[in-house]
Amino acid sequence: MEYPFYDLLVRFDKKHGDQVHRNRQENIKAAVCLEGTCRWHFPIIMRLFSYYLGPDWNIYLFHTPYNHKYVFDVLPNWDIKTFVIQTPKLNAQVYNDVVRTPQFWANFPETTILNFEPDAILCQPWDTKWEKWDMIGAPCGTDTYNGGLRLTKRDLMIRAATKYQGTSYRDWE
């Protein structure tokens, strides 16, 4: 995280460092993070998303054996759903292999999914106006998109992952 984001995160953590999240069974929205490192800003980002999304969102965390202890040390008392991805390193290839399977998306009973990476931030409370769309993600070139912050509908992602499983995104229609 580069300045000025460093300053923003430090100020947020001083004010909301005690933020705790608890998933609720009745929620229909989920925020999903895949993280395989022990970066200093990870717990702050998790608290920031929890704070700005609020209690109506469940949080899911996919992590590796490498950072398993770290995750639970830096998020004590959090009641969220976690999954261990059995890989020594969570790189871009592993990330893409995981999220491009129907099994990944079937983990979520919620209908609206916000994928975020630990280098993404929210700066204000969530606005529900975005939820009317099936997918929102930032473009990143001519044949791909930036997955750092992406809003999707679970059923759409299950259909796409089923249809295109085992293919390169370059082959997608």
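Asp-13 and Arg-47 form a salt bridge, with their closest N and O atoms 2.6 Å apart. Asp-13 belongs to helix α1 and Arg-47 to helix α2, so this contact ties together parts that are 34 residues apart in sequence. Keep in mind that the model is predicted. Here is a quick tour of its charged and aromatic contacts.

**Salt bridges**
- The count comes to nine salt bridges.
- Lys-29 pairs with Glu-131, their closest N and O atoms being 3.2 Å apart.
- Lys-29 sits in strand β1 and Glu-131 in the loop between β4 and β5, so the pair ties together parts that are 102 residues apart in sequence.
- Lys-29 is buried, with a relative accessible area of 12%, and Glu-131 is buried at 16%.
- Arg-154 and Asp-155 also meet in a salt bridge, at 3.0 Å from N to O; Arg-154 is buried at 15%, whereas Asp-155 is partly exposed at 42%.
- A network of salt bridges links Arg-24, Glu-26 and Asp-56.

**Aromatic pairs**
- You will find 15 aromatic pairs in the structure.
- The ring centres of Phe-12 and Tyr-52 lie 6.2 Å apart with planes at 35 degrees, so this pair is tilted.
- Phe-12 is in helix α1 and Tyr-52 in helix α2, so the pair ties together parts that are 40 residues apart in sequence.
- Phe-12 and Tyr-52 are both buried.
- Phe-62 and Phe-83 have ring centres 4.5 Å apart and planes at 10 degrees, so they are stacked.
- Ring pairs join Tyr-60, Phe-62, Phe-83, Phe-104, Trp-105 and Phe-108 into a cluster.

Methods. Residues numbered from 1 in each chain as written. Predicted model: local features only at pLDDT ≥ 70, side-chain atom pairs only at ≥ 80, totals over all residues. Heavy atoms only, no water. Phe/Tyr/Trp six-rings, centres within 6.5 Å; stacked < 30°, edge-to-face > 60°. Helix = DSSP H or I, 4+ residues; strand = E, 2+ residues; numbered from the N terminus. Buried < 20%, exposed > 50% of the residue type's maximum accessible area, 1.4 Å probe, protein only. Salt bridge = Lys/Arg side-chain N within 4 Å of Asp/Glu carboxyl O.
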